[in-house]
Amino acid sequence: MLMLFFYFLPIQNNTLLVSSMNSSKTTSSTPLLSAATSSSSSSDGDDDSPVERYGLEDVEYQLSSVPVCGLPSYKSLAVLSGHVGSVSCLALCGEFILSASQGKDIIVWQQPDLRQFTKFGQGDGSVKALVTVGHKVFTAHQDSRIRVWKVSRRSENVFRLVDTLPTTKDYLGKFMKQSNYVQTRRHHKRLWIEHADSISCLTICNGLIYSGSWDKTLKVWRIADLKCLESIKAHDDAINGLVSCKGLVYSASADGKIKAWGKEGDNSHSLKGILEGNKDVSLNSVVVSEDGRVVYGGGSDGYVMEWEGSLKLDSWKLVCKVKAHEMAVLCMCLMEEFLCTGSADKSIGIWRREADGGLCRVGIVRGHEGPVKCLQASPHCVGGGFLLYSGSLDRSLRVWWVPKDSAKTEEKNHPTIQY
């Protein structure tokens, strides 16, 4: 029997429209996981699913939300629960959503019905970051390790731990030489391939994985053989965020700086530029526009700063900063002309990026009961808008629909400083 699934989509006349999505027209198959059958996607507790199924008839529901400060305030389409700890990071991979938590577990959710597909990773240290590459998932942990997971050949909803970074081979090749050891703190040394504190962030660029840590270093790993190639003393304080674009890697740190790193040929990485933030303010997150020209940094003071790069991306200038939240900005994501910001104040800001630089707030998302720790926006257009996924310290993953025509509404007199 053909099954239809539905999303609730908020529209301008303050109603919720039920929009159908034909399950037989699945998205293109992802290299991480093949499309799951309906039986496997519903095997993990149908009664716990936050999304219900309906008949073919269209149904309208009244939207009870009230605009905040003249701006639209959005209702969540779904609240996904199942994590035993605070949701710390998210990743989108084709038709699947991966979420990880401080409780050491990683959950794979399947679209469009947003049901739990599988769960793995318990007992391996609090998860701080994750990325997917082909059939593998790389997870960064509080115990200073990176774990590599692979989809089992026997069952597509089983993930096997296949390696841990640094690898045993890497250890054996270096532990005998004293020159391979570095001072991490007084009277304590480690191999330079090891992180000495929690790994807070990961990013991928040109066949390499970059890991940023609270130990202030940036390490470079080759995906092909999982070998550690470089360790860079990148910052004067903890590294909180990483992003890559156009061959450059950007690191955001509690020292109030964003640094751009580049690599030419077989040479080691070199510093390409420093983007200065507010004094004595930790930068918790960094995102870069698709063309690589614009960099955004989110600070512990609630400000979002915007830098514009030169055509050669060898210099950057601060073009504006805006008071985005009353509390720290913890995460950000970009979707075309929109910037989304998550904060310790439990809200998500929706901002329109101005063509001449600057940001204008066009919406507020409320609903989480704890600080918003991670955000991901789906690149697929849904009903004239896009889906936004948010993870919070309240242990939930929420799904929101953001209409693209919300850019027509803007908040007046929002405090923005342009340079």
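These legends walk through several close-up views of a predicted model.

View 1. Let's start with S12, which spans residues 146–151. Is this strand mostly covered or open? Mostly covered, since five of its six residues are buried. Strand S11 (residues 136–141) runs antiparallel to S12, and five bridges join the two. Look for Thr 139, whose bridge partner in S12 is Arg 147. Strand S13 (residues 159–165) is also antiparallel to S12, joined to S12 by six bridges. Here you can find Val 151 opposite Phe 159 of S13. As a reminder, strands of a sheet pair through backbone hydrogen bonds, in either a parallel or an antiparallel way.

**View 2. The turn between S11 and S12.** Strands S11 and S12 form a hairpin, with four residues between the strands.

**View 3. An open sheet of four strands.** Follow the order S20-S21-S22-S23, where the pairing is antiparallel. Strands S20 (239–245) and S23 (270–276) stand at the edges; each has a single partner strand, so one side of each has no neighbour in the sheet. On average, neighbouring strands of this sheet are turned by 20° against each other, direction ignored. Inside this order, S21 (residues 248–253) and S22 (residues 257–262) pair over five bridges. To see how they line up, find Ser 251, which stands opposite Lys 259 in S22. When you trace a regular strand, remember that its side chains alternate between the two faces of the sheet.

View 4. The structure holds five aromatic pairs. One of them is formed by Phe 96 and Phe 117, a tilted pair with 5.2 Å from centre to centre and 50° between the planes. Elsewhere, Phe 120, Trp 149 and Phe 159 form one aromatic cluster.

**View 5. A lysine over a tyrosine ring.** Our last stop shows Lys 321 and Tyr 303. Lys 321 lies over the face of Tyr 303, at 5.7 Å from the ring centre.

Definitions and conventions: Residues numbered from 1 in each chain as written. Predicted model: local features only at pLDDT ≥ 70, side-chain atom pairs only at ≥ 80, totals over all residues. Heavy atoms only, no water. Buried < 20%, exposed > 50% of the residue type's maximum accessible area, 1.4 Å probe, protein only. Pairing = 2+ DSSP bridges. Axes fitted to C-alpha atoms, helices over the stretch in contact; angles between N-to-C directions. Phe/Tyr/Trp six-rings, centres within 6.5 Å; stacked < 30°, edge-to-face > 60°. Lys NZ or Arg CZ within 6 Å of the ring centre and 35° of its normal.
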